[in-house]
Amino acid sequence: MFDMVPSILPRDRNEVRVQPRSEEELIREIDAEHARLAASHRRLFRLLADVDRRTSWRDVGARDTAHWLSIRYGVSQWKARRWIAAAHALETLPRTSEALASGELHVDKAVELTRFATPETESRLLVWAGGVSCGAIRRKADVVARRSSGEAEEAERSRFLSWWTFDEGRRFGLEAELPSAEGAVVAKVLDRLADSLPVMPGERGPAGTGARRADALVALCSSGDDADRDPDRATLVVHARLDGPDDELSECEIEDGPAISPDTARRFACNARVQTVVEQGNGLPVKLGRTTREPPAWMVRHLKYRDGECRFPGCGSRRFTQAHHIVWWDHGGRTALDNLVLVCTFHHRLVHEYGWQVRREQDGTVSWFRREGRRYRPGPAPPEALVAS
């Protein structure tokens, strides 16, 4: 059989006729391309291990190397973390590294094999991996990972539940680890209760599952509780002193609380109830700022529905997101949807405490700028820049 690439019929004797390629020729070309890709993957993994050791992700809007890889190249963070782990593991697995570089072992198989292979076992495992599917290697890696963490007794001893407040006390974090059987009971109760609760606008379907489970947990813990549920919170009073010829904020502190930086005070104004008391150097108040509230619940729901995720290019975080005032509150910005953008806690700090800037364009898109004012453009460098370098 032949492929469906049409031949070019010559209009005169000087034109060259392109002959159709056989299946064998096509497969040889694919094999050659696969070998080149495999060698490129091995070189890429060497570079990833090096960039991870150098923490090159700092100052580019990322939390770690996997986050940077996801933002810059669009790789899922799950795959990015597997790639980075494999990149380091391959440095101690010479036979697996060689098999990947030659194309004998596909990158997907190599990544899974590095999760449990050792220098002593890799030769035997390579023979086995050549005759099974990638899924079989992944399942074995999962089993080995579970077994290496201990059996049921260890899982029982390791159970815990802890909680904490973060984001200056505005959020409540909860973490638990249970044996799988007990965890299944918790999951089933929360899922059943979540199905019985009213669904907030924009939270239907898989995208709202996490929010509904959170509501179910609160409902479960609140049942039979007659305590006061007044949603109004005490006003957070920030005392700020003016300094310099431009009367810029300098020393800031929370009333009956710790000292904070001016940038942190501005971030508070984005999503907390704050009143700023501006004082002269001698402590005499010269201005009483506006009392602010975080956006109401209905506005936050609309904001999350509109933006969907953190609007930093490529971040994609849907958890621990906050409403950020594009025009800051202390600069006269309004708490309105057209002046709000959804950001994760990490990128919120990037704006207020690391000098990054956000701007909404006329078409509704959001542009980000580094602290020196240069516009941040996600993705790899354009081809012409690579050629120029």
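This tour moves through the structure one selection at a time and states what is found at each stop.

**Before starting**

The model is predicted, so local features need pLDDT of at least 70 and side-chain atom pairs count only at pLDDT 80 or more, while totals for chains, interfaces and linings use all residues. Residues are numbered from 1 along each chain as its sequence is written, and side-chain values use heavy atoms, with hydrogens and water left out.

**The whole protein**

Of the 389 residues, 33% are buried. Buried means under 20% relative accessible area, exposed means over 50%, and partly exposed lies in between (1.4 Å probe, protein chains only). A contact means heavy atoms within 4.5 Å. Among contacts with a separation of 6 or more, 50% join residues 24 or more positions apart.

**The nonpolar patch**

Select Leu161, Trp163, Trp164, Phe172 and Leu174, which make a nonpolar surface patch of about 570 Å². The elements giving two or more residues to this patch are β1 (160–166) and β2 (171–177). The largest share, three residues, comes from β1. Trp164 is found in strand β1 and counts as partly exposed because its relative accessibility is 36%.

**Helix α12**

Select residues 297–307, which form helix α12 and include Asp307. Asp307 counts as buried because its relative accessibility is 10%. Its side chain joins that of Arg306 through a polar contact of 2.9 Å. A polar contact is a pair of N or O atoms within 3.5 Å; within protein, one must be able to donate a hydrogen and the other to accept it, and residues adjacent in sequence count only if both atoms are side-chain atoms. Not counting residues up to four places away in sequence, Asp307 touches Val341 and Leu342.

Next select Lys304, also in helix α12. Lys304 is partly exposed, with a relative accessible area of 42%. Leaving aside neighbours within four places in sequence, Lys304 is in contact with Thr321 and Leu342. The C-alpha atoms of Lys304 and Arg318 are separated by 8.8 Å, and these residues are 14 apart along the chain.

**Aromatic rings**

Rings of Phe, Tyr and Trp (its six-membered ring) pair if their centres lie within 6.5 Å; planes under 30 degrees apart count as stacked, over 60 as edge-to-face and the rest as tilted. There are six aromatic pairs by this rule. Select Trp68 and Tyr73, an edge-to-face pair with 5.8 Å centre to centre and 90° between the planes. Trp68 is buried at 17% relative accessibility, whereas Tyr73 is partly exposed at 43%.

Finally, select Phe312 and Trp356, a tilted pair with 5.8 Å centre to centre and 55° between the planes. This pair links distant parts of the chain, 44 residues apart: Phe312 is in the loop between α12 and β8 (321–325), and Trp356 is in the loop between α13 (345–354) and β10 (357–360). Both Phe312 and Trp356 are buried.

Conventions
Helix = DSSP H or I, 4+ residues; strand = E, 2+ residues; numbered from the N terminus. Patch = residues over 30% accessible without salt bridge, like charges linked within 9 Å, V, L, I, M, F, W, Y side chains within 5 Å. Areas by Shrake-Rupley, 256 points an atom, 1.4 Å probe, with all protein chains shown as cover. Salt bridge = Lys/Arg side-chain N within 4 Å of Asp/Glu carboxyl O.
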